[in-house]
Amino acid sequence: MNITKADNDSIQRAAEIIKRGGLVAFPTETVYGLGADGLNPIAVAKIFEAKKRPAFNPLILHISDRSWLKKYSSIQNNKVDKLIDKFWPGPLTLVLPKTEIVPDIVTSGNPTVAIRMPDHTVALKLIEASGTPIAAPSANRFGHLSPTEASHVSKYLGDKVDMILDGGKSSVGVESTIIQFHQNEFYLLRPGGL
């Protein structure tokens, strides 16, 4: 079992794993995520392999600072800004037009990318220390219940993950709400923790 209590030292070690192209399970306020460097296609492929996730199912990029948004999305819109002002950090994922820096494997070839800023200290510190957006679906086998504790991740994926950061139980306990912005309108793609 590779569960490690989340503290400054273990977060730094986890960030090094991310930088080297490894997989780290980490807590967010919604559920535990299975994370890899979101700009490294080979690392991202490991997520699909570990979860047995279909390649047509895009991933969410997790960022630690709102200023990162302009690196990964070409959107500049007051409506989007208002949503971000109110709900980030938090359990809201926005699907927006992507920039070329985002690998197609993350978006399953779509011209859009799903982005969110989690409301969890461990997640934010990990992303910041990694210096890259972290692509992370829930840390479970595809089609199974999403994990809200480190022990759940170990049960589902223990041998597939380089490190599991234990940051306690997820406070929301369900996935993020996903909203797409398209042609100046919002569309609810997935109800969730918002």
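Let me begin with Pro89, which is found in the loop between α4 (78-87) and β5 (92-97). Helices here are DSSP runs of H or I with at least four residues, strands are runs of E with at least two, and both are numbered from the N terminus. The peptide bond joining Trp88 and Pro89 is cis, with an omega of about -10°. Most residues other than glycine have a negative phi, and most peptide bonds are trans.

Before I continue, a word on the model. It is a predicted model, in which local features need pLDDT of at least 70 and side-chain atom pairs count only at pLDDT 80 or more, while totals for chains, interfaces and linings use all residues. Residues are numbered from 1 along each chain as its sequence is written, and side-chain values use heavy atoms, with hydrogens and water left out.

Lys52, in the loop between α2 and β4 (60-62), has a positive phi of about 60° although it is not a glycine. Lys52 counts as exposed because its relative accessibility is 57%; buried means under 20% relative accessible area, exposed over 50%, and partly exposed in between, with a 1.4 Å probe and protein chains only. Ser108, which is likewise not a glycine, has a positive phi of about 55°. Ser108 sits in the loop between α5 (104-107) and β6 (112-116) and is partly exposed, at a relative accessible area of 23%.

I turn now to a pair of helices. How do α1 and α6 cross? The axes of helix α1 (residues 8-19) and helix α6 (residues 121-130) come within 8 Å and cross at roughly 50°. Axes are lines fitted to C-alpha atoms, for helices over the stretch in contact, and angles run from 0 to 180 degrees between N-to-C directions. That angle makes α1 oblique to α6; angles under 35 degrees count as roughly parallel, over 145 as roughly antiparallel, 65 to 115 as roughly perpendicular and the rest as oblique. On the α1 side, the contact (heavy atoms within 4.5 Å) is made by residues including Ile11, Ala15 and Ile18, and on the α6 side by residues including Val122, Leu126 and Ala129.

Ala129 of helix α6 is buried, with a relative accessible area of 17%. Ala129 and Ala15 are 114 residues apart in sequence, yet their C-alpha atoms are 5.7 Å apart in space. Leaving aside neighbours within four places in sequence, Ala129 is in contact with Gln12, Ala15 and Lys19.

Next, consider Ile63, in the loop between β4 and α3 (69-72). Is Ile63 buried or exposed? Ile63 counts as buried, since its relative accessibility is 0%. Not counting residues up to four places away in sequence, Ile63 touches several residues, among them Trp68, Trp88, Ile115 and Pro133.

Helix α7 (residues 150-157) has Ala150, Val153, Ser154, Tyr156 and Leu157 buried. These buried residues pack against β1 (3-5), β2 (24-26), β3 (33-37), α2 (41-51) and β8 (163-166).

Finally, the structure holds one aromatic pair. The ring centres of Phe181 and Phe186 are 4.9 Å apart and their planes lie at 50°, so the pair is tilted. Rings of Phe, Tyr and Trp (its six-membered ring) pair if their centres lie within 6.5 Å; planes under 30 degrees apart count as stacked, over 60 as edge-to-face and the rest as tilted. Phe181 is buried at 7% relative accessibility, whereas Phe186 is partly exposed at 31%.
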